[in-house]
Amino acid sequence: MDNQFTCSIKRIRFDENYQPADNTRLTTNFANLARGESRQENLRRTLAMINQRFNSLATSDNPKGDRYSLEIDIISAELDVEGHGQTFPFIEMLKSTVIDHKTNERIEGMIGNSFSSYVRDYDFSVVLPSISDKTDAKLDDFGDLHGKLYQHLIHSDVFKAEFKKQPVICLSVSTTKTYYRTAHVHPVLGVEYKNDDYSRTDAYFRKMGLSV
């Protein structure tokens, strides 16, 4: 990428006082929880559910199921394309920190949950339908821009200074293809299913350096 591209990272704590930023996507799950008359109660219940679920998985030396809680930050990454200080929102992700109330430790968790991207939305909502009407080709350049922007971000000094771990992104994808059950069972995510057929979604995220 051109050296003029600069990245910036913003954090917003996801707690009962959370207010969505002006440029947060309206369909983002955590933003939807923070709207309406019951917004604060919705947030409290969601956070309590997250902590209960985490403690139900971390049972070692946790007899009351209340040893841990999660701090969640909404990470907004912005790009300055021309180097003039004008940025546009690129992606949003969630970053977790585990609080061990027995040892008072803060344990770094994952980044990447609830991945949200304006460029990806544009690609799949606008670019892909316009091309699909004209050709059945595999669209070799589809996703190139998003992949390069994403790679530029996660390899930037700004991102590396903020995060020690690479993002782990989980997606729910609608498809007409058949997925087949494997023998692998994850203790949290459950049974693994695989599909070896070509998928534009798989190819798109492979350009980001991601794989299933």
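A residue counts as exposed when its relative accessible area is over 50%, and as buried when that area is under 20%. With that in mind, welcome to this predicted model. Ala183 sits in strand 5. Between Ala183 and Tyr193 there are 8.9 Å in space, C-alpha to C-alpha, and the two are 10 residues apart in sequence.

Another place to look is the loop between strand 5 (180–186) and strand 6 (190–194), where Val188 lies. Val188 has a relative accessible area of 43%, so it is partly exposed. Together with Leu57 and Leu189, Val188 makes a nonpolar surface patch of about 290 Å².

In soluble globular proteins, nonpolar side chains tend to be buried together. Here the largest nonpolar core has 24 residues, and those with the most contacts inside it include Ile9, Phe90, Phe115 and Phe159. Several elements give two or more residues to this core, among them strand 1 (6–13), strand 3 (88–100), helix 3 (118–132) and helix 4 (144–154). Helix 4 provides the largest share, four residues. Which residues does Phe159 touch, leaving aside those up to four places away in sequence? They are Ile9, Met93, Ile111, Leu153, Ile154, Lys165 and Pro167. Apart from this core lies another one, of 14 residues, with Tyr18, Leu70, Ile72 and Ile74 among them.

A pair of aromatic rings is described by the distance of the centres and the angle of the planes. The model has eight aromatic pairs. Two of them are set out here.

| Ring pair | Distance of centres | Angle of planes | Kind |
|---|---|---|---|
| Phe14 and Tyr18 | 5.6 Å | 65° | edge-to-face |
| Phe54 and Tyr68 | 5.8 Å | 75° | edge-to-face |

Why does the pair of Phe54 and Tyr68 tie together parts that are 14 residues apart in sequence? Phe54 lies in helix 2 (residues 39–57), while Tyr68 belongs to strand 2, so the pair joins these two elements. Phe54 is partly exposed, with a relative accessible area of 26%, whereas Tyr68 is buried at 14%. In the other pair, Phe14 has a relative accessible area of 6% and is buried, and Tyr18 is buried at 2% relative accessibility.

Finally, ring pairs also link Phe124, Phe142, Tyr204 and Phe205 into a cluster.

How values were computed: Residues are numbered from 1 along each chain as its sequence is written. This is a predicted model: local features need pLDDT of at least 70, side-chain atom pairs count only at pLDDT 80 or more; totals for chains, interfaces and linings use all residues. Side-chain values use heavy atoms; hydrogens and water are left out. A nonpolar core is a set of buried Ala, Val, Leu, Ile, Met, Phe, Trp, Tyr and Cys residues joined through side-chain atoms within 4.5 Å. Buried means under 20% relative accessible area, exposed over 50%, partly exposed in between (1.4 Å probe, protein chains only). Contact means heavy atoms within 4.5 Å. Patches are made of residues with over 30% relative accessible area and no salt bridge: like charges are joined within 9 Å, nonpolar side chains (Val, Leu, Ile, Met, Phe, Trp, Tyr) within 5 Å. Accessible areas come from the Shrake-Rupley method with a 1.4 Å probe; for residues, only the protein chains shown count as cover. A salt bridge is a side-chain nitrogen of Lys or Arg within 4 Å of a carboxyl oxygen of Asp or Glu. Rings of Phe, Tyr and Trp (its six-membered ring) pair if their centres lie within 6.5 Å; planes under 30 degrees apart count as stacked, over 60 as edge-to-face and the rest as tilted.
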